[in-house]
Amino acid sequence: MLQGWVIVLVAFAYLGVLFAVAYYGDKRAEAGRSIIANPYIYALSLAVYCSTWTFYGSVGRAASTGIGFLPVYLGPTLMVALWWYTMRKIIRITKAYRITSIADFISSRYGKSQMLGRLVTVIAVIGVIPYISLQLKAISGSFTILRHYPRIVMPAQAVAQPILNDTALYIALMLAAFTILFGTRHLDATERHEGLVAAIAFESVVKLLGFLVVGAFVTFGIYRGFGEIFRLAQQVPRLRALMTVADTGNTYGTWGFLTFLSMLSIVTLPRQFQISVVENVDEDHLRKAIWLFPLYLFLINVFVLPIALGGMMLFAGRGVDADTFVLTLPMAQQKEALALFAFIGGLSAGTGMVIVETIALSTMVCNDLVMPVLLRVKWLRLNERPDLSRLLLSIRRWAITGILMLGYIHFRAAGEAYALVATGLISFAAVAQFAPAIFGGIYWRGGTRDGAIAGLSAGFAVWAYTLLLPSFAKSGWLPASFLTEGPFGIPLLKPQQLFGLSGLDEISHCLFWSMLANIGIHVVVSLAGRQSITETGQATMFVDVFRRTQAPERSGLWRGSAAVEDLLPLLGRFLGPDRAREAFLAYARRRGVDSPEQLRADADLVAFAETQLAGAIGGASARVMVASLVQEQPPGLDEVMDILDEASQVRAYSRQLEQKSRELEAATAELRAANKLLQELDRMKDDFMSTVTHELRTPLTSIRAFSEILLEDPEIHLPERKRFLAIIVKETQRLTRLINQVLDLSKIESGSAEWHTTELDVHEVIRESVETSSQLFRESRVELVTSAGTDAGPRVMADRDRLVQVLINLLSNAVKVCRPGEGRVEIRLGVSNGFLRVDVQDNGPGISPADHETVFEKFRQVGDTLTGKPKGTGLGLPISRRIVEHFGGRLWVESELGKGATFSFILPLEVPAAKAGPELAQAAG
Amino acid sequence: MGKRILIVEDEPNIVISLEFLMKREGFEVEVATDGEAALMAVGESAPDLVLLDIMLPKMNGFEVCQKLRADPRWRGMKIVMLTAKGRETEVAKGMALGADLYVTKPFSTKDLVAQVKELLGSGT
């Protein structure tokens, strides 16, 4: 009943369901109610990792190496545990910088290098073609086997079939058609395909169910549970060997390498990158994926060993390929429906892998391989074409077809040389070469473009030499001696025992040398070289992406700017006019502006346009396109240094500022103090002026008053008239004296007084003063005594008139305070230590010690309390003091209340050599 | 109805002139030569008008004025500040303290007499 056309019909029906799921997913996404925004869907979609290799090949591997099929699943399980750190960073970078493929990721990190993008694409295509061909092999093989039901016939050698009868060809073509339908209906700026993800998740469920059902059937249907299978298998020596690790040729080394290899490939396989990174909707989905995905792997592997053992026991000696047990066991038991279901499960596994892988590859081929070349070809004048989106889509469609055809060609050519699993591992080893560039790129800022290119090339070369060429040799295209004796007979260069490293299986061997070359050369070349500005910027953006989480639009390295009028058509050409306008509208809204036309043409806008474009044509091409529009000048090293310098300048400036403000504070404090001093002096001056004015006005008052009285009243009696006139005269004199003294003091203090300094005989001076004051003394009836004789006295250098002035001042003061009739004033002279000393002593009321300094202040007169208003100006003593001090002397008073007062001054002696003797003798006497 | 005038001034010659002027107008005159004596004199028998100098020993004229004004008995007493201090601030201070008149020296005898007569004429 399982005729060919039934199978085909069922297959197409299944694919139709898939398509419907995808279509529904896309429609929901467009309506904004995505069905894949769900961590379970995400985790299931990750299971695209499990292709026909898992579905069929695990059993085959288990049959030959026992649990040696496990490392390939251990790796992802371990890696996924680290995903919260590594994968989240990769996803964040991808989303933030609009990265669309693994080639885009690597090229973007290393300075948007188109060269690197090309290299990665080529390696990816070459590496993955065998993997695709093995899917074709599995699908076509399973179809063929099922068709021959109820006989169990192994598919004939592929080379024996004429092409047009080859089901594999038709399968390849059909897969191409479906891939095109799934993945190239329109261009999305982010290269996301929501419908596709939904379909893949659906497929993951189908294949898991298929395997579980077959496994359950074998374990519990054919046998009676796990226990029985293992018990029975123990009895077969060969099978028993399978169940122990040591005897199956598995070494810990092999396990280690294989685990490591699969750890890398869960990230670096293009389809895995596409599904787990590019199609990721929400970083948080990783949390569930971290345990859901390993759970899935566990479930799908639970029955591998039982099926393998069961198959080997049931088909012992019949030459049934272990790879086919999943299908042939139900067939052998006449379970048609189950066999069909198994076939569908295998179909799921294969189509899922092929579709996603091919879409990922075609995106890379289009963006990183074809478009850059086309953009350079001037005569195509692509810059002027209004709508390039159709061109892009058709390039991708051709790429899909091409890749599948290459897969088919490989299938026919290399066909039977390898079992499924081995072929898969070869692909793993190829894409593993991306790992140093990727992981180095996100954790090490020092990786340079040259280092990445060199490392990648070296690793790929080693891979080609140690795995690809040997596969050709094993298929017969190269002489077998190439393998056994090395090229040109050089044993050290034996492709699978390089430099004598033997004991490793070919995969581990290849992995060891290729990783060594790749990582080593990557590091050495990176350290030896320098990064360009763009590289440095990109490196920082990648490694520090978590620090810039919410900054989607990056600016800063664009120097030019372009207006929306220019950018919109550019974007429209690649994304389609509608999508381009939508994108700008959304951006404008985010900027708080109503329409895109109002957007400012600045570096941010350019960066935004670049990221949008990158989604369509890849980062490197986008940069080229936008740069041609913007005519940017990349910032020179100087400018970047300036920016860095600015930071340190700002710091230095702020330190300067601090210092200046401190200095300013100090200066302000000084100024304040000076101001206060000036104000004080001003006040003092004001006080002086005010006092002088007052003193001047007082005599004037009397003068005016009496003058007016006398003028007004002619009838005043003569005695009174005389009295008044006398007062007028006296006050006039007083006024004159005051004025003179004020002027005098002013002159002396300001230094503009004239001094006529000559040698003076002190006796003469004293005699003169006494004579002048004698009238005053007589009137006051005060006795004046002096010891200055008529002989020559001590000599000083002074102004005669001034010195007389001082003595008269002292004498008249003394007279004023003495009581008439009882007063006695004595003038004494003395000489000591080169100084002349003169004392004027009175027997007046004395001056209390508190007032000893006060008497020398301007306008201060003591004696208010006892003698009433003192006569005099109050300026005499200050003037005398200044005169004495001018000549290098000192004037002071010694006195106590009730004991009289002695005013003394000293002056430096003028000692003419010749007359020294007589003076000293005089002084002693 | 003789009005009594207290002259508070420490310059003897000015006292003589003021005394002459006031007596000539028929006023009774008393003299105090410092602030404390002034207050004592007022306390003994309140004059109708005080001719008050500012630069006085023991207590200056401003204080005397303040004290005089503080006492409710002497509300009606006229105070004429007579001083060589003529700055605006001083004038303002004097008026603020309650002086009725502020005259700067040297003064015009005619004006002073007229103003005194007016002050004493109005308040009865």
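How much area is buried between chain A and chain B, and what share of it do carbon and sulfur atoms give? The points below take up this question and then turn to each chain of the model, which is a predicted one.

1. The area buried between chain A and chain B is about 2100 Å², and carbon and sulfur atoms give 58% of that area. On the side of chain A, the residues that lose the most area to chain B are A:His694, A:Arg697 and A:Thr701, which together account for 25% of what that side buries. Counted by residues in contact, the interface brings together 23 residues of chain A and 20 residues of chain B.

2. Helix 28 (637–712) and helix 29 of chain A are the elements that give two or more residues to the side touching chain B, and helix 28 gives the most, with 14 residues. Sorted by class, that side of chain A holds seven nonpolar, five polar and 11 charged residues.

3. Two salt bridges are found across the interface of chain A and chain B. A:Glu712 forms a salt bridge with B:Arg24, and the closest N and O atoms of this pair are 3.2 Å apart.

4. Chain A has 34 helices and seven strands, and 52% of its 925 residues count as buried. If one takes the contacts in chain A between residues at least 6 apart in sequence, 80% of them join residues at least 24 apart. The accessible surface of chain A comes to about 41300 Å², with 59% of it belonging to carbon and sulfur atoms.

5. Chain B has five helices and five strands, and from the N terminus on its elements run β-α-β-α-β-α-β-α-β-α. Of its 124 residues, 55% count as buried, while 62% of the contacts between residues at least 6 apart in sequence join residues at least 24 apart. Its accessible surface comes to about 5600 Å², of which carbon and sulfur atoms hold 52%.

6. Over all chains, the structure holds 35 salt bridges. In one of them the side chains of A:Arg271 and A:Glu357 meet, with a distance of 2.8 Å from N to O. Because A:Arg271 lies in helix 12 (residues 270–278) and A:Glu357 in helix 16 (residues 336–376) of chain A, this pair ties together parts that are 86 residues apart in sequence. A student may wish to look closely at this pair, since A:Arg271 counts as buried at 0% relative accessibility, and A:Glu357 likewise counts as buried at 0%.

7. A further salt bridge joins A:Arg800 and A:Glu764, whose closest N and O atoms are 3.0 Å apart. A:Arg800 lies in helix 31 (residues 800–817) and A:Glu764 in helix 30 of chain A, so the pair ties together parts that are 36 residues apart in sequence. A:Arg800 is partly exposed, with a relative accessible area of 28%, and A:Glu764 also counts as partly exposed, at 35%.

8. A:Glu822 forms a salt bridge with A:Arg819, with the closest N and O atoms 3.3 Å apart, and both A:Glu822 and A:Arg819 are exposed. Elsewhere, salt bridges that share partners join A:Glu712, B:Arg24, B:Glu25 and B:Lys117 into one network.

9. Some backbone details deserve a careful look. Phi of A:Arg781 is near 55°, a positive value in a residue other than glycine, and A:Arg781 lies in the loop between helix 30 (762–780) and strand 2 (783–786) of chain A, where it is exposed with a relative accessible area of 56%. Phi of A:Asn833 is likewise near 55° and positive; A:Asn833 lies in the loop between strand 4 (824–832) and strand 5 (835–842) of chain A, and it counts as exposed at 75% relative accessibility. In chain B, the peptide bond from B:Lys105 to B:Pro106 is cis, with omega near -10°, and B:Pro106 is found in the loop between strand 5 (101–104) and helix 5 (109–122) of that chain.

10. Lastly, A:Gln741 is found in helix 29 (residues 718–750) of chain A. A:Gln741 is buried because its relative accessible area is 19%, and buried means under 20%. Leaving aside residues up to four places away in sequence, A:Gln741 touches A:Thr873, A:Leu875, A:Gly876 and A:Ile879.

Methods
Residues are numbered from 1 along each chain as its sequence is written. Chains are lettered from A and ligands numbered from 1 in the order in which they are written. This is a predicted model: local features need pLDDT of at least 70, side-chain atom pairs count only at pLDDT 80 or more; totals for chains, interfaces and linings use all residues. Side-chain values use heavy atoms; hydrogens and water are left out. Helices (H or I, at least four residues) and strands (E, at least two) are DSSP runs, numbered from the N terminus. Buried means under 20% relative accessible area, exposed over 50%, partly exposed in between (1.4 Å probe, protein chains only). Contact means heavy atoms within 4.5 Å. Buried area is the accessible area (1.4 Å probe) that two parts lose on being put together, summed over both. A salt bridge is a side-chain nitrogen of Lys or Arg within 4 Å of a carboxyl oxygen of Asp or Glu. Ala, Val, Leu, Ile, Met, Phe, Trp, Tyr, Cys and Pro count as nonpolar, Asp, Glu, Lys and Arg as charged, and the others, Gly among them, as polar. Accessible areas come from the Shrake-Rupley method with a 1.4 Å probe; for residues, only the protein chains shown count as cover.
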